Amino acid sequence: MMRKIIAVLLTLSFLLCAGCRAPEQKEFTPTTKSDTCTIGLSFDSFVIERWTRDRDIFVSTANELGAEVNVQSAGGDVDTQISHIKYFIEIGVDAIVIITADAVALTDVLKEAKSKNIPVICYDRLVMDADADLYISFDNEAVGKQMAQAICDNVEDGGKIVEIMGPESDYNVAQVMNGFHSVCDEHDMNVILKYNCDSWKPELAYEFVNEHFDEISKADAIMCGNDALAGEAIHALAERGYAGKIFVTGQDGDLEACQRLVEGTQLITVYKPVEKLARLAAECAVKLASGEELANTDTFFDGSKDIPYIAIEPSAVTRENLDTIIIDSGFHLREEVYMNEG
């Protein structure tokens, strides 16, 4: 009788936990290890538009290769993400893929995973000193260079630039800015204001432009760390009749950013082929989970040592090449991109 009661309690506990998870997550019994290859995929959050696309492609590719994926989202909270990784370790997943909320705070928990012989992949964003089995991302310095070149092609040397970036805890921000400044410095551009948006919250860009509009109105360009920030900066400019008068950059190729290219309110978005990144990351995760070695990787210094690294090249997208890069590739539909065209 006691065994039946325990079995019922365990079943109810599992069902309650499963009901708390997002629909896309695969369910696993915490006390047993699946016979199938299992991958824990932990997102910082889904506040950035592209992450749902990354998730869907990664999961479908892994499924095609015979693996199951347990997806978790931390909602931008570092402690929550750490608890998710600990959960992955507890249930004994075969590999962990992390889109980090913080370049430093997750180091120890990822080292814990490594100590349990669970391979770790840093997806898109690096975790410092974690000795990850792979860091796979886009060439972030190239992203910054492409945004800077677009500005320098349209603004005379010595122009005034405002920078609205993501959080300093995101290592990608530093890489993008290194590339951005390397080009701007060649043209003696002057950065008159800088701001880091906590957790990539777009509304902070809107508030910043409004609060500093007198100074921003004198700028030639606003460099935004992604398209979501660019959208809110342009929103604030539009309310004051300045949309299209100040050049604005972004990255990710978001649909609304592409629409703004058509409208003339955003100068450039840097397109990053998410499908290629997510598909390749899933293939690598399955290989590592199966005990295979990765071939044809470069190396990247994570602060302590060189780790395997794969970088995918981004593409600068303007109004002129929008159709070729975005629409012809199938990233967005023509009717959606041009829906606001008068």
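Predicted model: local features only at pLDDT ≥ 70, side-chain atom pairs only at ≥ 80, totals over all residues.

Modeller: In general, the strands of a sheet pair through backbone hydrogen bonds, and the pairing can be parallel or antiparallel.

The two strands belong to an open sheet of six strands, and the order across it is β7-β6-β8-β9-β10-β13. The pairing in this sheet is mixed. At the edges are β7 (190–196) and β13 (315–317), each of which pairs on one side only. On average, neighbouring strands of the sheet are turned by 20° against each other, with direction ignored.

A helix also belongs in this picture. Helix α5 (residues 140–154) packs on the sheet and touches β6, β8, β9 (247–251), β10 (268–271) and β13. The direction of α5 makes about 155° with that of β10.

For orientation, the model also has an open sheet of seven strands, in the order β2-β1-β3-β4-β5-β12-β11 and again with mixed pairing. Its edge strands are β2 (67–73) and β11 (298–301). Within that sheet, β3 (residues 95–99) and β4 (residues 120–123) run parallel and are joined by three bridges. Ile-96 stands opposite Val-120 in β4. Helix α3 (residues 78–91) packs on this sheet, touching β1 (37–43), β2 and β3, and its direction makes about 155° with that of β2.

How values were computed. Residues numbered from 1 in each chain as written. Heavy atoms only, no water. Pairing = 2+ DSSP bridges. Helix = DSSP H or I, 4+ residues; strand = E, 2+ residues; numbered from the N terminus. Contact = heavy atoms within 4.5 Å. Axes fitted to C-alpha atoms, helices over the stretch in contact; angles between N-to-C directions.
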